[in-house]
Amino acid sequence: MTDISKSLLFTFTIIISFGLCILYASAELQRFAHSSKHDGALSFLVLGDWGRRGAYNQSLVAFQMGKVGEKLDIDFVVSTGDNFYDNGLTSDHDNAFQESFTKIYTAKSLQNQWYSVLGNHDYRGDAEAQLSPVLREIDSRWLCLRSFIVDSELVEIFFVDTTPFVDEYFTEPPEHKYDWRGIGPQKSYISNLLKDLELALRGSTAKWRIVVGHHAIRSVGHHGDTQELINRLLPILQANNVHFYMNGHDHCLEHISDTER
């Protein structure tokens, strides 16, 4: 980590800034541009694998998020996917949206924008429901897209749809059916996404470049490494000096460093 004029602090949270306006990137990835605070700082919380209608300690975590969010004056929240268990949403009118999101994250500090990507559990339901503007009409905090960019000048956050990378979801789904509408063919979808991501990273002038996905690239957790991301995504991140990658999926806290950089 190098010194920056306005320190970037992160543990579970990351300090940076917000002020929403929608633009479009030169590539296919939609870009959400933000003005920084007067001191160049921005703060946000990161969580994943959470939508349990308050159960499995979700409500307790939400309470603590509210306290931390107030202390740090956060600007938004990042969700790394698996937003609704066990099988995503059934439609954009599914009550699970409000019961797992709106009615759980009620703290004042959590009423800012939420940026979300899809996880493998989300693809087991109506994946496109989570992308629907209907949900934003129900709760204006919600914004979920497959892949996109959040730009705050000092930092750019690149959200990547990692579930379609994983071959076993296509070839070996013994118990689950996945909603691949808007994805197929798989190889073309991944190829185009990686081209758009690489183009956006190459053009980035941000001091910090962060990539968010659902699946781990490397992990010592239950699911372990995601070989498809090691083969296809990791080389692009390394070639374009991405500072770190954030993910969910493995339900554990890990900080893995790259000894080659």
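The model is predicted, so local features need pLDDT of at least 70 and side-chain atom pairs count only at pLDDT 80 or more, while totals for chains, interfaces and linings use all residues. Residues are numbered from 1 along each chain as its sequence is written, and side-chain values use heavy atoms, with hydrogens and water left out.

**Helix α1**

- Let's start with α1, which covers residues 58-72; helices here (H or I, at least four residues) and strands (E, at least two) are DSSP runs, numbered from the N terminus.
- Which residues of α1 are buried? They are Q58, A62, M65, G66 and G69, and they sit on the same side of α1 because they cover an arc of only 105° around the axis. The arc is that of the directions from the helix axis to the C-beta atoms.
- Here's the background: an α-helix has 3.6 residues a turn, so residues three or four places apart point the same way.
- Buried means under 20% relative accessible area, exposed over 50%, and partly exposed in between (1.4 Å probe, protein chains only).
- Turned away from the buried side, the other face of α1 carries the exposed residues L60, F63 and K71.
- The buried residues of α1 pack against β4 (43-47), β5 (76-79), α2 (96-102) and β6, where contact means heavy atoms within 4.5 Å.

**Y115 in strand β6**

- Y115 belongs to strand β6, residues 113-116.
- With a relative accessible area of 0%, Y115 is buried.
- Y115 and C144 are 29 residues apart along the chain, yet their C-alpha atoms are separated by 5.9 Å.

**The second largest pocket**

- This pocket has a volume of about 190 Å³.
- On a 1 Å grid over the protein atoms alone, a pocket is an open set of points where a 1.4 Å probe fits, with protein on both sides within 12 Å along at least five of seven lines; lining residues have an atom within 4 Å of a point.
- Grid points are joined across faces, edges and corners, and a volume is the space filled by probe spheres set on the points.
- Of the 13 lining residues, the closest to the pocket's centre are V166, E168, Y169, H223 and H249.
- α5 (168-171) and α7 (227-232) each supply at least two residues of the lining.

- A cis peptide bond joins Y85 and D86, with omega about -5°, and D86 is in the loop between β5 and α2.
- Another cis bond runs from G184 to P185, with omega near -10°; P185 lies in the loop between α5 and α6 (186-202).
- D49, in the loop between β4 and α1, has a positive phi near 60° and counts as buried at 13% relative accessibility.
- N241, in the loop between α8 (234-239) and β11 (244-246), has a positive phi near 55°. At 43% relative accessibility, N241 counts as partly exposed.
- D73 follows α1 and has a positive phi, near 55°.

**S204 in its loop**

- S204 lies in the loop between α6 and β10 (208-212) and, at 13% relative accessibility, counts as buried.
- Leaving aside neighbours within four places in sequence, S204 is in contact with E156, F158 and R209.

How values were computed:
Expected span 1.5 Å × (residues − 1).
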